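I opened this entry to look up charged side-chain pairs. My notes follow the order in which I checked them.

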Amino acid sequence: MGNSNSSTVNHRFTSACRAFTQRKLEDLKSLFVSLASQSQSNDSYVSYPVFQEYFGLSGSLGERMFDMVTQHRKDGKLTYEDLVIAKATYEKGTDDEIAEFIYQTLDVNANGVLTRSDLELVLVVVFKSVFSTTESSTSDYKEMVDALLNAASFSKSTGDDKGMSFEDFRSWCSHVPTVRKFLGSLLTPPSPVPHLLYEDSVDSNILLLKKEYAWHIGGALPHHELEEWKLLYHSSLHGQSFNTFLGHTSNTGMSASVLVIKDREGCVYGGYASQPWERHSDFYGDMKSFLFQLNPEASIFRPTGANTNIQWCATNFTSENIPNGIGFGGKINHFGLFISSSFDQGQTFSCTTFGSPSLSKTSRIQPEVIECWGIVQASNELDTQHNAIKGTVLERFKEDRNMLKLVGMASNSNE
């Protein structure tokens, strides 16, 4: 039996090696040697404490990941072959292979059942890891954990409890891309959490955009848009005025922004706008924009490709066919999200543009707080974007498709 096991591992290792260049294999070897030297193992294996420290994993999630990576041997020893095989699966595998690996990893009790309580434990570990708050308690993240899990389905019967099937898991991941991105980067450098910039005189307690919310939204964005987000407009600070909103969000040098709304029902939601808020008489924008919910559910809804009614910004029009205000998706008078120019009413209907439901408890909404954050892009990306604008329509469409593929939509749309 031992020889058979060894033969199987050797076969998987040989196959995994083919997924990497020689340079990458040398880098992995250097990483292994460095970690093994800290494990007091005569450089032959990496211990769990060293693995845990390096990859920033703790608790049941860290233990389960170590068990997965070490082929369930229960010997507490991560070998170089283990590292290469795990990396090959995690980084070079198909979408299904990676999703299956993550799904099994989340089953922290290894009982074949993925319940809400399993995911609660995992998400708390995730938040503690992302925000480096080891001293925080489970209750510190309860609101966000509940919001993320409220967006999930548990259709698998497991006796007295309900479990998440693999299809439930894939569907959930499409709406919580940051969780998927984090879990898919446990053996790679994680994505940063956007640094929220605002004036020192601003009381942080009035802000809608918490760091957990920013992390959630950032899961659908490329790396260069995750460095700094700057508060451009807040209705409590600047007045609930459309013209003031446009004044604070234009000519900032930041084309993309995050609009966040809290209505009188207590729901928090909004949209990511990839284009500036500027006067148009029709829908505009591109396939990078999306809608999101933050509370009581946390989900992201990307464009489905059903139409191009992405972004809306109209001001000083007198025609009923061109309602003044800002919004996303759907169609005129039946938007996925819309705030009228009075900034005291709006609407959110289910829409095919983003495949989104009504974002609030009611379709007709009354905003209580409105805020907008500008995306401060990395300087080395500005020239790239400028050149991309000069490209052909076909080239720009290709860029949109690549972006969708990057955040996982391209594969989901084919299912």
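**Salt bridge notes**

I began with Asp-96, which is partly exposed at a relative accessible area of 45%. The model is a predicted one, and I kept that in mind throughout.

Next I looked up the partner of Asp-96. Arg-170 forms a salt bridge with Asp-96, and their closest N and O atoms are 2.7 Å apart. I then checked where the two sit. Arg-170 belongs to helix H9 (residues 166-175) and Asp-96 to helix H6 (residues 95-106), so this pair ties together parts that lie 74 residues apart in sequence. Arg-170 has 16% relative accessibility, so I logged Arg-170 as buried, the cut-off being under 20%.

I turned to Asp-82. Asp-82 pairs with Arg-73 in a salt bridge, with 2.6 Å between the closest N and O atoms. Which of these two is buried, and which partly exposed? Asp-82 counts as buried because its relative accessibility is 1%. Arg-73 comes out at 32% and counts as partly exposed.

Then I checked helix H8 (residues 142-150), which holds both Lys-142 and Asp-146. The two are 4 residues apart, about one turn of the helix. Lys-142 forms a salt bridge with Asp-146, at 3.1 Å between the closest N and O atoms. I noted a network here: salt bridges with shared partners join Lys-142, Asp-146, Arg-116 and Glu-120. Lys-142 is partly exposed, with a relative accessible area of 48%.

Last, I looked up the total. The structure holds 12 salt bridges. I wrote up some of them here, including Asp-82 with Arg-73 and Arg-170 with Asp-96.

Note on methods:
Residues are numbered from 1 along each chain as its sequence is written. This is a predicted model: local features need pLDDT of at least 70, side-chain atom pairs count only at pLDDT 80 or more; totals for chains, interfaces and linings use all residues. Side-chain values use heavy atoms; hydrogens and water are left out. A salt bridge is a side-chain nitrogen of Lys or Arg within 4 Å of a carboxyl oxygen of Asp or Glu. Buried means under 20% relative accessible area, exposed over 50%, partly exposed in between (1.4 Å probe, protein chains only).
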